[in-house]
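Here is a short briefing for a first look at this structure. Keep the sequence and the 3D view open while you read.

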Amino acid sequence: MPPELHKLSPPKNDLTGQTYGRITVLADGGTNNKGIRYWECQCLCGKVKIIRGSSFTSGKTRSCGCLNGDAIRIRKRVTDIKVGDRFGLLVTIERKSNTLWACICDCGGMKDVESYDLKRKKVKSCGCKKNKELQNTVQHYKRKKEKVGAHVPALKTKVRHNNSTGVKGVGRVQMPNGSIKYSAYLTINGTTHRAGYHDTIEDATIARKDLEEKYHRPFLENK
Ligand SMILES: [Zn+2]
Ligand SMILES: [Zn+2]
């Protein structure tokens with residue numbers, strides 16, 4: 001855990017799983033010494049970053065920063081979106097700014113989406129489609145669990161393609177001050193256990209090994 005963030009108390013509102021623009025909240029990142037809450041977020045571009053909660057709940061931050069560059073580059077090319085255009089399950093209903101469209105989803109949900117993300121088909125629903133995929137994954141693991149035992153699917157999981165370090169269970173994270181840390185995590189049956197942020201991949205790998213000891217060992221020994 002970096003010195004600038006502490007986990008003194010659990011957050012009042014758990015934002016885990018919520019999406020804001022390109023950002024999906026992965027986990028509580030702790031508070032700084034002024035009590036301001038940070039969250040570990042993953043951007044659609046794959047980057048994991050620690051972001052101050054109020055900056056995305058207020059709508060100020062909608063990506064890891066990649067959007068700013070993308071939006072400027074693409075602005076000229078995406079002026080051809082009109083009200084009523086369809087992108088996946090989404091239909092545009094109102095232009096909110098130069099680059100932002102209010103959309104309605106086939107499920108009835110509403111979502112504001114960057115024109116860039118609509119054009120590139122990065123966002124195709126209000127989030128309901130993603131939830132359905134997540135549900136399917138959870139169901140898949142449950143069925144496997146009944147067949148072969150709880151630990152096997154997680155132990156056999158390949159390196160997550162977007163974890164950016166190449167080490168299973170170790171992710172690259174950008175801290176609020178811009179420094180890079182490495183997070184250790186272990187996902188079993190859809191639940192992700194986390195072991196803080198570390199200065200080096202090696203330290204994070206050790207922390208990941210500790211998680212494996214803690215959560216895999218009991219299953220293996222009981223077999
Ligand atoms: Zn990004
Ligand atoms: Zn929807």
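**Strands, hairpins and a cysteine**

Strands β6 and β7 make a hairpin, with four residues between them. This is a predicted model. The chain holds six helices and eleven strands. The points below start with the hairpins, then turn to the sheet, one cysteine and the chain as a whole.

- Strand β7 covers residues 100-105.
- β6 and β7 run antiparallel and are joined by five bridges.
- One pair to find is arginine 95 and its bridge partner in β7, tryptophan 101.

- Strand β5 spans residues 86-87, and strand β6 spans residues 90-95.
- These two strands are antiparallel, with two bridges between them.
- Arginine 86 stands opposite valine 91, which belongs to β6.
- Two residues lie between β5 and β6 in this hairpin.

**The open sheet**
- Seven strands build an open sheet with mixed pairing.
- Their order is β1-β2-β3-β4-β9-β10-β11.
- β1 (19-20) and β11 (191-198) are the edge strands; each has a single partner strand, so one side of each lacks a neighbour in the sheet.
- Within the sheet, β4 (residues 48-52) pairs with β9 (residues 170-174).
- That pairing is parallel and runs over two bridges.
- Lysine 49 has glutamine 174 of β9 as its bridge partner.
- In a regular strand, side chains alternate between the two faces of the sheet.

**Cysteine 128**
- Where does cysteine 128 lie? Its place is in helix α4, which covers residues 128-148.
- Is cysteine 128 buried, partly exposed or exposed? It has 15 C-beta neighbours inside 10 Å, so it counts as partly exposed. A buried residue would need 20 or more.
- Which residues does cysteine 128 contact, leaving aside neighbours within four places in sequence? They are Cys105, Cys107 and Gly109.
- Cysteine 105 sits 23 residues from cysteine 128 along the chain. The C-alpha atoms of the two are separated by 8.7 Å.

**The chain as a whole**
- The chain has 223 residues, and 28% of them count as buried.
- Take the contacts between residues at least 6 apart in sequence: 38% of these join residues at least 24 apart.

Key
Residues are numbered from 1 along each chain as its sequence is written. Chains are lettered from A and ligands numbered from 1 in the order in which they are written. This is a predicted model: local features need pLDDT of at least 70, side-chain atom pairs count only at pLDDT 80 or more; totals for chains, interfaces and linings use all residues. Two strands pair if DSSP finds at least two bridges between them. A residue is buried if 20 or more other C-beta atoms lie within 10 Å of its own, exposed if 12 or fewer, and partly exposed in between; C-beta atoms are placed from the backbone. Two residues are in contact if their C-beta atoms, placed from the backbone, lie within 7 Å.
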